[in-house]
Amino acid sequence: MTTLKIDHVSRWFGNVVAVNDITMTIGPGVTGLLGPNGAGKSTLINMMGGFLAPSTGTVTLDGQPVWRNEAIYRHIGIVPEREAMYDFLTGREFVLANAELHGLDAKAAQRALATVEMEYAQDRKIATYSKGMRQRVKMASALVHDPSLLLLDEPFNGMDPRQRMQLMDLLRRMGDEGRTVLFSSHILEEVEQLARHIEVVVAGRHAASGDFRRIRRLMTDRPHRYLVRSSDDRALAAALIADPSTAGIEVDHTEGALRIQAVDFGRFTVLLPKVARDHGIRLLTVSPSDESLESVFSYLVAA
């Protein structure tokens with residue numbers, strides 16, 4: 001049972017803090033590392049995999065430090081996000097090279113290629129591969145030594161729906177076998193389909209931790225902000241503000257609209273059209289003004 005522990009880890013580059021005092025424990029099964037682009041996910045994974053030293057704090061695998069620990073590297077497989085590869089090699093040569101680094105033979109490379117269903121293209125140059133094929137051959141290289149910890153940085157990028165489902169099935173199977181699997185994503189639906197446990201990172205900080213339902217509830221229950229234009233903004237505002245689902249309303253004279261903060265999402269979505277109908281007000285525009293991933297994750301940081 002492999003357990004990865006990140007203990008008060010920070011990493012900065014010059015004056016830029018990429019990861020800020022993160023503590024988390026990753027155990028067997030599939031864990032999703034969720035966060036918007038630029039949140040520090042790749043930096044964190046590079047420290048988990050031993051490619052990057054923490055500026056402060058420690059990363060350990062089953063109690064052993066990861067950084068500069070050759071024995072530990074034999075238990076870690078990593079699929080980096082970066083696309084740069086040895087394009088002059090064939091897929092088989094690329095995976096075999098990693099097998100030989102671990103003291104393994106061509107049989108191990110062949111098994112890994114079969115696992116990711118890349119045998120059909122193994123003798124083609126990587127230069128001819130699509131982005132999804134490159135992802136799969138990187139996956140084969142990471143699996144060639146049968147690691148107990150698998151780290152994947154945005155592994156579904158560039159994959160078509162069939163390839164995506166194949167990889168999801170493979171990762172689920174590995175998690176069920178008792179391996180420790182962590183993958184990063186900025187797409188909530190990917191994490192929902194695959195991960196049993198979620199860690200959320202925003203702007204280098206640890207924002208939330210738990211099962212998917214808990215994280216989804218935090219996201220749904222956060223205050224929602226809307227930009228609403230109607231045939232009578234003042235009458236609509238007066239009617240809405242009396243209801244506890246509405247925390248605040250301001251008139252945006254520049255936009256010619258109301259900016260409304262709703263604290264009870266479900267109640268407000270029923271209330272708004274009802275109030276408009278009851279008061280004879282026409283709703284011209286109703287649009288969320290804070291539905292970006294960044295705004296959702298930023299709320300989790302403060303929650």
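How many residues does helix α10 (residues 265–278) have, and what does it reach from its first C-alpha to its last? Helix α10 has 14 residues and reaches 20 Å, close to the 20 Å expected at 1.5 Å a residue; the expected span is 1.5 Å times one less than the number of residues.

This is a predicted model, where local features need pLDDT of at least 70, side-chain atom pairs count only at pLDDT 80 or more, and totals for chains, interfaces and linings use all residues. Residues are numbered from 1 along each chain as its sequence is written, and side-chain values use heavy atoms, with hydrogens and water left out.

**View A. The 4-stranded open sheet, ordered β12-β13-β11-β14 with antiparallel pairing.** At the edges sit β12 (246–252) and β14 (283–288), each pairing on one side only. Neighbouring strands are turned by 20° against each other on average, direction ignored. Pairing here takes at least two DSSP bridges between two strands; helices (H or I, at least four residues) and strands (E, at least two) are DSSP runs, numbered from the N terminus. β12 and β13 (residues 257–262) run antiparallel and are joined by 6 bridges, and Val251 has Leu258 in β13 as its bridge partner.

**View B. Helix α9 (residues 233–241) on the sheet.** α9 touches β11 (224–230), β12, β13 and β14, a contact being heavy atoms within 4.5 Å. The direction of α9 makes about 165° with that of β12; axes are lines fitted to C-alpha atoms, for helices over the stretch in contact, and angles run from 0 to 180 degrees between N-to-C directions.

**View C. Helix α10 and its bend of about 25° at Leu271.** The bend is the angle between axes fitted to the seven residues ending there and the seven starting there. Pro273 follows within four residues. Just after α10, Gly280 takes a positive phi of about 65°. Buried residues of α10 include Phe268 and Val275 (buried is under 20% relative accessible area, with a 1.4 Å probe and protein chains only). The helix's buried residues pack against β11, α9, β12, β13 and β14.

**View D. Ser141 in helix α5 (residues 131–143).** Ser141 counts as buried because its relative accessibility is 9%. Leaving aside residues up to four places away in sequence, Ser141 touches Phe94, Val95 and Asn98. Since 12 of the 13 residues of α5 are buried, the helix is largely enclosed by the rest of the structure.

Key. Buried means under 20% relative accessible area, exposed over 50%, partly exposed in between (1.4 Å probe, protein chains only).
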